[in-house]
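Let's walk through this structure together, one step at a time. Keep the picture at hand as you read.

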Amino acid sequence: MRTAAPVFVAFASGLILVVAFFFNEETTTIGKLSHQLLDWVIIVGGFTLLLGLVSITRVNWAAVKRRSDGWIYKLFTIIAIFVTAIPSVLSPDWSPLFGRARGSIFDWLFNYLQAPMMATMFATLAFYIASAAYRAFRARNAEATILLLTATLVMLWRVPIGEALLNLLPGNIPDLINTYVMNGANLAVQRGIIVGAALGAASMSLRIILGIERTYMGKG
Amino acid sequence: MELLQIWVMAFFTLALFSFLYKDNPVYKLAEHIFAGLTAGYQVGLIWDTIILQKLWDPMIGAGQWQLLVPGVLGVFMFARFWPRISWLSRISLAFVMGTTAGVFLVTELHGRVLPQMQWTMLALGGENGFAATILAIIVVIGVISTLIYFYFSKEHTGIFGGAAKVGIWFIMISFGAHFGYTVMGRVSLLIGRVQFLVEDWIGSFSTIF
Amino acid sequence: MEQIDRRWVYLLVGLAVVIPFIIPMKFPVSVSPEAQSFYDAVEALPDSCTVMLVFDYYPSTVAETEPMAVVGARHLFRKHCKIITLTNIPYGAPSMAESVTRRVAAETGKEYGKDFVNLGYKYGYVSVLKGMGQSIESIFPTDNSGTPLSELPMMDSITNYRQISFIFEVADNATADYWISIVNAGYGVPMGVAMTAVMAPKYYAYVGSKQIVGLLGGMKGAAEYEILLGQPDTAFRGMDIQSLVHFLIIAFVIVGNIAFFVGRAQRRKGRAA
């Protein structure tokens with residue numbers, strides 16, 4: 001029961017969706033059924049996100065209770081969770097500060113704390129990539145040299161001053177980069193990767209539907 | 001933008017940038033607040049857009065009682081916290097995985113493999129002139145050699161190994177292009193933050209001082 | 001030289017980003033064929049048609065993606081197209097869709113509910129993308145702020161993808177792939193993808209297979225579209241800084257390699273001695 005029930009559910013729901021692909025989804029019963037299942041996934045999936053929240057709260061609260069290393073920071077994580085979450089689920093009819101609309105606490109915290117912090121986290125990567133370019137980007141062999149030369153050409157081509165510089169050389173280099181590098185070698189490799197990944201995803205899907213792939217169930 | 005907002009944003013921006021010098025308590029504080037805000041954000045969004053709009057309102061307001069099924073499956077997810085009944089959460093997971101797999105099984109083949117292979121072959125038709133045909137031949141060689149390079153069930157020796165070697169050269173060109181584009185992307189994100197610091201935050205100094 | 005403290009590298013990058021703010025250069029930006037074909041496809045849409053403008057990006061990449069969403073909204077509003085915005089990203093994207101469209105709508109005098117609607121977010125891109133093929137209203141019963149779609153006049157004549165003329169996808173992640181494989185391939189809705197530079201090389205394959213009409217890659221892509229629209233803005237201004245930092249990074253690569261080869265030669269000489 002503990003394994004058979006989930007395997008059956010995965011098989012039945014997967015099969016319905018596969019068969020429905022070949023029928024009109026607006027007029028046939030199987031089409032409507034598949035739509036119903038997809039609609040339900042949205043609801044079940046919503047609970048998984050809430051599960052993640054319960055998990056992060058439990059882990060951090062346990063660390064605070066044990067007074068383990070850095071517990072004070074974890075306390076701030078918990079405070080931040082509740083300061084964002086509680087006003088957002090209260091009715092905006094009670095106060096314009098509640099709910100998710102513009103002017104609410106939720107909206108303020110997102111715009112002035114969360115969004116700039118998320119953007120800054122990613123902005124720091126510019127420094128790391130520059131450091132990597134200096135410390136690790138070496139022409140050690142033929143393959144690394146091809147990579148290095150292509151990267152340099154593309155970096156020049158994608159900025160106005162670089163493109164102007166390339167245009168000073170004979171042979172319309174920017175056009176050649178676009179045609180033979182981006183739409184030639186690059187396109188071919190990306191196509192190979194897309195096809196390989198898609199075949200992998202399709203075969204993994206088949207394994208899940210047939211109950212061969214069960215690792216998503218975890219242990220126990 | 002109000003002064004308070006600008007200074008709050010600037011404080012957290014600089015707090016996170018301070019890590020570039022070295023790890024420090026202000027960075028750690030900002031990092032943990034950020035994690036909390038991100039988790040908290042989900043609650044408001046999911047509560048409103050899914051629990052209320054997709055489950056509670058149609059079920060209670062419009063009598064769509066069949067929604068009890070996904071509702072119960074959703075609650076089963078929380079069974080993971082109790083070892084004795086944790087297996088119930090597998091049913092919910094299986095439902096999400098099975099449905100998604102059902103969509104992927106056909107759309108990955110129909111929407112990706114077939115069109116990509118189709119256009120690899122159609123471009124060889126030679127209808128767009130000599131240069132386009134040369135380009136199409138390059139693409140065909142690139143696609144096949146890349147696929148061979150990533151095929152690890154056969155040893156890369158002999159003709160197969162030679163083809164894999166050609167694949168590596170193509171891959172290096174593509175990864176080089178990727179690196180160039182990645183530099184561009186990361187720099188753009190930095191520009192965004194510096195634009196804020198220079199134009200908004202330093203700009204606000206004139207109001208204060 | 002090979003083992004220089006990384007903080008000197010950071011300092012130089014920081015300076016390279018700040019200097020162009022003080023001394024702007026305004027170099028001309030050329031338009032790539034991929035951006036041109038994207039623009040042409042939007043330009044060729046019939047006036048007053050309905051278009052989905054999808055905000056599939058996180059706040060982390062706004063510097064690259066928001067200018068693209070802005071040019072998309074500007075172009076579509078100029079053509080008096082009706083815009084439906086939505087997102088598959090839970091973090092912040094519904095709020096960003098709201099603020100961008102309202103800002104651009106204010107420039108062009110467009111009205112919420114009549115000219116544009118923000119559907120917001122629902123969990124599970126596979127279900128959302130496939131589900132809208134049958135009924136948009138069943139997936140999004142209300143808009144982002146909770147108003148039932150039946151109360152929004154613009155949505156009266158919209159049932160599913162059959163009434164959508166084009167999808168203008170702005171993305172910083174793989175959801176763009178699923179718009180292509182599920183919606184474009186399954187329902188035949190033409191689409192263009194505006195994406196972060198990191199993603200761009202991959203999508204040349206989709207342009208080649210004619211699954212997307214064109215692509216905008218990163219800040220340069222956004223700047224190209226701004227030029228085509230005749231309204232240079234944030235992305236165009238960013239290109240000066242981009243130029244300087246690219247040159248700096250190329251210099252790092254060259255100096256780093258010189259240091260490496262000189263160091264290696266010295267080590268070999270030392271061993272030989």
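A salt bridge is a side-chain nitrogen of Lys or Arg within 4 Å of a carboxyl oxygen of Asp or Glu. You are looking at a predicted model, in which local features need pLDDT of at least 70 and side-chain atom pairs count only at pLDDT 80 or more, while totals for chains, interfaces and linings use all residues. Residues are numbered from 1 along each chain as its sequence is written, chains are lettered from A and ligands numbered from 1 in the order in which they are written, and side-chain values use heavy atoms, leaving out hydrogens and water.

Over all chains, the structure holds 20 salt bridges. One of them joins the side chains of Arg7(C) and Asp5(C), at 3.4 Å from N to O. How accessible are these partners? Here, buried means under 20% relative accessible area, exposed over 50%, and partly exposed in between (1.4 Å probe, protein chains only). Arg7(C) is partly exposed because its relative accessible area is 30%, and Asp5(C) is partly exposed too, at 34%.

Now find Arg74(C) and Glu107(C), whose side chains meet in a salt bridge of 3.0 Å, N to O. Arg74(C) sits in helix H3 (residues 62–78) of chain C and Glu107(C) in helix H4 (residues 93–108) of chain C, so this pair ties together parts 33 residues apart in sequence. Helices are DSSP runs (H or I, at least four residues), numbered from the N terminus. With a relative accessible area of 7%, Arg74(C) is buried, whereas Glu107(C), at 45%, counts as partly exposed.

Next, look between chains. Two packed helices are described by the angle between their axes and the distance between the axes. Axes are lines fitted to C-alpha atoms, for helices over the stretch in contact, and angles run from 0 to 180 degrees between N-to-C directions. Helix H4 (residues 88–122) of chain B and helix H7 (residues 175–187) of chain C have axes that come within 9 Å and cross at roughly 80 degrees. H4(B) and H7(C) are therefore roughly perpendicular to each other, a label for angles from 65 to 115 degrees.

Which salt bridge does Asp177(C) form? Its partner is Arg112(B), with the closest N and O atoms 2.6 Å apart. This pair crosses between chains, from helix H7 of chain C to helix H4 of chain B. Both Asp177(C) and Arg112(B) are buried. Finally, Glu108(B), Arg112(B), Asp177(C) and Lys202(C) are linked in a network of salt bridges.

Conventions: Helix = DSSP H or I, 4+ residues; strand = E, 2+ residues; numbered from the N terminus. Parallel < 35°, antiparallel > 145°, perpendicular 65-115°, else oblique.
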